[in-house]
Amino acid sequence: MLDHEQVVVRSGRRSRLPVIVAVHSTALGPAAGGLRLWHYPDWRDGLTDALRLSAAMTAKFAVAGLPSGGGKAVVALPEGMVLDPDRRRDVLEDVADTVESLGGTYATGPDVGTGPDDMAVIGTTTRHVFCRPARLGGSGDSSPHTARGTLAALRAASRRLYGTASLDGRRLAVAGLGRVGTELARLLAAEGAALTVTDVDQDKRKTGHELGADWVAPDEILAAPVDIVVPAALGSCLTRQSVTRLRCDAVVGPANNQLATPDVADLLHRRGVLWVPDYVASAGGVVHAVSVEVHRLSAEEARARVDAIEHTVTDLLTTADAQDLSPAQAATALVRQRLAAADPAGRSAA
């Protein structure tokens, strides 16, 4: 049975590319989630991504205690396709039409392959968009807020493991130096952490050098002998095989959908590796954007919501210990509790 309220799949009127919007739940409020513009072997792989990511957004908002539901938009590009500026605008206008047709059920923002300028294009057609550039009255790039929220989660994990929230002198391995990963690495370096970094883009070595970080190959980062591994690239990095290679105390990072399969969370727990669910650690960007542009809070109030991720993670870890659960189980229970309270009919159980 499809665990989603609504799934729209269209061939874009201008681009003729598959435009997918998955609305997982509106039990807590209108759905929100990013627009992923990515290459897939088949458009149905993009649909699978949208279904998984939208469910994760429901969980992200529920754990954060925000009045929003989960959704996701994906445009499935054929492998090897390069969009010129005109074709890209066609794609974005096709997405805008689809979002607008949902009448406020779903609002979109940036994700992999898109940014604030893309949201500005979408915003010319629909008001159901967030993270537009600040010059246009939007909240701008969400990356710094995602990084700040992940730092908050890392502090909570550090306190649980080492008795202090300080990351000074801690060894962290950051896998991925995109916008969020780079911002987070800079914050960690400023905290005094000793960094090991990697990225599939070899040009990012310069960033690692600027941070005084050690560089390893992408296929070696998960096995780095560090205190905490920080996944900050694409998902499904934690597999049954890769988890056996971990030499760390914890895995806490902003990458979405880190688990290749749900049972990997149990394997991590059995091996004594603390895993903070990705939808909790990565919530800062969307929490800030939705707070400012959808819920109309001040920048200070939105920032406080991002910083509150530290308390959210602390509470989850405390609950997990008290009830002899993994952090993943504790987070899932909290999501189900909040969704059930908002929707007694149980239509949107995670």
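Arg-13, Arg-14, Arg-89, Glu-93, Asp-94 and Asp-97 are joined in a network of salt bridges, a salt bridge being a side-chain nitrogen of Lys or Arg within 4 Å of a carboxyl oxygen of Asp or Glu. The model is predicted, with local features needing pLDDT of at least 70 and side-chain atom pairs counting only at pLDDT 80 or more, while totals for chains, interfaces and linings use all residues. Residues are numbered from 1 along each chain as its sequence is written, and side-chain values use heavy atoms, leaving out hydrogens and water.

Helices (H or I, at least four residues) and strands (E, at least two) are DSSP runs, numbered from the N terminus.

A second salt bridge joins Arg-36 and Asp-111 (2.6 Å, N to O). Arg-36 is buried at 8% relative accessibility, and Asp-111 is buried at 13%; buried means under 20% relative accessible area, exposed over 50%, and partly exposed in between (1.4 Å probe, protein chains only).

Turning to the strands, 4 of the 5 residues of β6 (residues 171-175) are buried, so this strand is largely enclosed by the rest of the structure. Strand β6 runs parallel to β7 (residues 194-198), with 5 bridges between them; strands pair if DSSP finds at least two bridges between them. Val-174 has Val-197 as its bridge partner in β7.
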